[in-house]
Amino acid sequence: MNRSPTQQGSGEGLVLHLVREHGSHTRASLGEATGWARSTVTRRVDALLESELLITSEAPSTGGRPPERFRFNPHAGSLVVADLGITHSRLAVVDLLGNPLQPPTDLELDLTAGPERTLPAIHKIITALMAEAETPPLAIGFGLPAPIDAETGLPSDPPILSAWNAYPVAQAVESEVSTTTYVEKDVNLMAVGEHRRCWPQARSLVFVKVGTGIGCGTIVHGRLYRGAHGAAGDIGHIQLDGFTDRLCRCGRNGCLEAVAGGAALATQLSALGRRTDTARAVVALVHTGDAQAKAIVRAAGTHIGSVLAGVVSFANPDVIVLGGDLGIEPLILASVRAEVHSRPLALATRHLAVEPSQLGADAGIVGAAELVVDRLWPAPQTDCLPVIPDHSRHSTR
């Protein structure tokens, strides 16, 4: 049954986080984890049971009456999530764990045309998804392939999506559908989704999306790392030596994205007489066995790997996950692995895993749901959850 978020304070948010993170808890284990008195634990658990965000099950007995265990109930509400890419977007109604409640809607749309020309199509799909939902969704999670300013919540100088700079995306969506909307950089959502669903044991994780451009989301000690102003992970604009002739959309020369991003590879192949215009077209050409396409894509993986080798030396992650149309291509993956395992010191790579995304096209959808739930029921300790600035909202639910 769809319920509104609890309004009784952040204590319930911490309980909910602990249960979501560890699967289930008893009152005793919650008291041990939080240091709260049993009466405090009971009050907060009861509030979440009333909201149907927690459900009960019996724990194995060690003698006497078995204690109640509390589990997160992903069916306590629904969300609308929109994972937007430069040329391909994916939207869905999901439960509170990010599982689609109906088949996601895929949309081919060129976001470089600007928000005024593209948001109407997105609004139309969101409206239809909300109308089809069994109960009104609690909120909308919106992923955008652009840096999001941590202070304002607005897109900030996105190199590819220049027309979206400082555009009030959340407010624009809310004004159309009257539902609270949260906006996050798309690759940050993917990093969260992949970490929480597939690599929860990893202390740190780097997610790299290789599509039209190249972006990176980073998890440090279990939480999303945005940097001081939201610009962390912008590895696509690290400059490479020897490519001063490659003009990037950011206005500089030699950026990784201008050398190894999907748009750059499509341009290189088109110059060789191959008719490609998107990252997906590049992948399709590779799968035909085209020798020049394979060589160009393999070289792109080497360049990406050389940058990630520096990331490994600096951040020493447990896992690097590659996603996006090109990121999961085996030629890219093999080249990246070769670079990151050969350049840094052995200590940094001894247990390093470099793997393709397990969630694939759903990584952003799962991550969007996770971060929206974090926002709707925030925990009081900033070291427990990713921190998303709470900007003013004008919507009603």
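Mentor: The account below begins with the sheet and then turns to its helices.

The model is a predicted one, in which local features need pLDDT of at least 70 and side-chain atom pairs count only at pLDDT 80 or more, while totals for chains, interfaces and linings use all residues. Residues are numbered from 1 along each chain as its sequence is written, and side-chain values use heavy atoms, with hydrogens and water left out.

The sheet is open and consists of five strands in the order β6-β5-β4-β7-β8, with mixed pairing. Its edges are β6 (105-108) and β8 (181-185), each of which pairs on one side only. From one strand to the next, the twist averages 15°. Strands here are DSSP runs of E with at least two residues, helices are runs of H or I with at least four, and both are numbered from the N terminus. Two strands are taken to pair if DSSP finds at least two bridges between them.

At one end of this order, β7 (residues 140-144) and β8 are parallel and share five bridges. Within that pairing, G143 has E184 of β8 as its bridge partner.

Helix α4 (residues 115-132) packs on the sheet and touches β4 (78-84), β5 (88-95), β6 and β7. The direction of α4 makes about 25° with that of β5. Axes are lines fitted to C-alpha atoms, for helices over the stretch in contact, and angles run from 0 to 180 degrees between N-to-C directions. Contact means heavy atoms within 4.5 Å. Helix α14 (residues 363-376) lies across β4, β5, β7 and β8, and runs at about 130° to β4.

Helix α5 (residues 169-177) includes A172. The buried residues of α5 pack against α4, β7 and β8. They are V169, A170, A172, V173, E174 and V177; buried means under 20% relative accessible area, exposed over 50%, and partly exposed in between, with a 1.4 Å probe and protein chains only. A172 has a relative accessibility of 13% and therefore counts as buried. Apart from its neighbours within four places in sequence, A172 is in contact with L119, H123 and Y167. The C-alpha atoms of A172 and P115 are 9.4 Å apart in space, although 57 residues separate the two in sequence. After α5 comes S178, which has a positive phi near 55°.

Strands β9 (residues 204-210) and β10 are antiparallel and joined by seven bridges; they form a hairpin with three residues between them. In this pairing, V208 has C216 of β10 as its bridge partner. Strand β10 (residues 214-220) is largely enclosed by the rest of the structure, because six of its seven residues are buried. Three bridges then join β10 to β11 (residues 223-225), again in the antiparallel sense, and I219 stands opposite L224 in β11. The hairpin of β10 and β11 has two residues between the strands, and H221 in its turn has a positive phi of about 50°.
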